[in-house]
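Hello,

Here is the structure you were waiting for. My notes follow below it.

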Amino acid sequence: MKTLRLTLSIVLMSLSAAAFAQSDAQKSFDKLKALAGTWEGKVATVPPQPEIEGKLMQLTLRVTSMGNALMHEMTGGGRPDDPITMFYLDGDRLLLTHYCDAGNRPRMAARVSPDGKTVEFDFVDVAGSTQYGHMHHALFTIIDANRHIEDWTYIMPGDKPMQAHMDLQRIKTGSGIAGN
């Protein structure tokens with residue numbers, strides 16, 4: 001009987017932990033979805049990348065697929081391409097898949113800071129060739145409803161990291177209301 005109670009306690013604690021993890025993933029996803037709208041800011045890179053350094057970037061975040069996905073599309077810097085990143089829940093994990101202009105699709109899994117203001121994505125795997133490099137890490141820091149920071153780490157050929165930092169401001173619509 002004692003063994004049955006112990007087993008039942010362990011099962012209940014495991015279920016509680018799974019519900020808590022799912023709750024964290026959902027909360028993080030909801031925080032990112034609250035960023036829906038149009039944003040702009042200049043990019044800073046380390047090491048400096050002359051083709052994009054200091055250029056104005058614009059990005060759009062749009063909730064799609066009946067609320068089950070968030071699409072992040074970036075343009076600007078004189079680049080002819082616009083990489084797309086999709087955020088979504090997969091069970092108890094918040095994942096992103098980055099559709100890179102390097103021709104591959106890295107996936108990353110989120111972890112949340114204790115204060116809930118940052119969502120950090122760590123590399124899980126990549127589909128496609130990494131011959132031209134791949135996106136490896138992303139960090140979203142939410143300052144307030146009209147400002148957030150994105151830090152992206154790209155692994156260039158030869159395993160050399162390049163970091164891009166963007167301090168982004170929400171672009172207001174003509175009515176003066178933040179765009180959604």
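Strands β4 (residues 84–90) and β5 (residues 93–99) run antiparallel and are joined by 7 bridges. This is a predicted model, and everything here is computed from it. Within this pair, Asp-90 has Arg-93 of β5 as its bridge partner. The hairpin that β4 and β5 form has 2 residues between the strands, and Gly-91 there takes a positive phi near 65°.

β4 also pairs with β3, again in the antiparallel sense, over 5 bridges. In that pairing, His-72 stands opposite Thr-85 in β4.

For the chain as a whole, there are 10 strands and 1 helix. The chain has 180 residues, and 35% of them are buried. Its accessible surface comes to about 10,100 Å², with 59% of that belonging to carbon and sulfur atoms. Of the contacts between residues at least 6 apart in sequence, 37% join residues at least 24 apart.

Rolling a probe the size of a water molecule over the atoms shows where empty space is left. The largest pocket has a volume of about 440 Å³. It is lined by 22 residues, and the closest to its centre are Ile-52, Arg-79, Asp-101, Met-135 and Met-162. Which elements give two or more residues to this lining? They are β3 (69–76), β9 (147–156) and β10 (160–170). So that you have the classes too: the lining has 13 nonpolar, 5 polar and 4 charged residues.

One residue I looked at separately is Thr-141, which is found in strand β8 (residues 134–144). Is Thr-141 buried or exposed? Its relative accessible area is 19%, and because the cut-off for buried is under 20%, Thr-141 counts as buried. Leaving aside residues up to four places away in sequence, Thr-141 touches Lys-117, Thr-118, His-148 and Ile-149. Gly-116 lies 25 residues from Thr-141 along the chain, and the C-alpha atoms of the two are separated by 9.2 Å.

Regards

Conventions: Residues numbered from 1 in each chain as written. Predicted model: local features only at pLDDT ≥ 70, side-chain atom pairs only at ≥ 80, totals over all residues. Heavy atoms only, no water. 1 Å grid on protein atoms, 1.4 Å probe; cavity = no way out; pocket = protein on both sides within 12 Å on 5 of 7 lines; lining within 4 Å. Points joined across faces, edges and corners; volume = space filled by probe spheres on them. Helix = DSSP H or I, 4+ residues; strand = E, 2+ residues; numbered from the N terminus. Nonpolar A, V, L, I, M, F, W, Y, C, P; charged D, E, K, R; others polar. Buried < 20%, exposed > 50% of the residue type's maximum accessible area, 1.4 Å probe, protein only. Contact = heavy atoms within 4.5 Å. Areas by Shrake-Rupley, 256 points an atom, 1.4 Å probe, with all protein chains shown as cover. Pairing = 2+ DSSP bridges.
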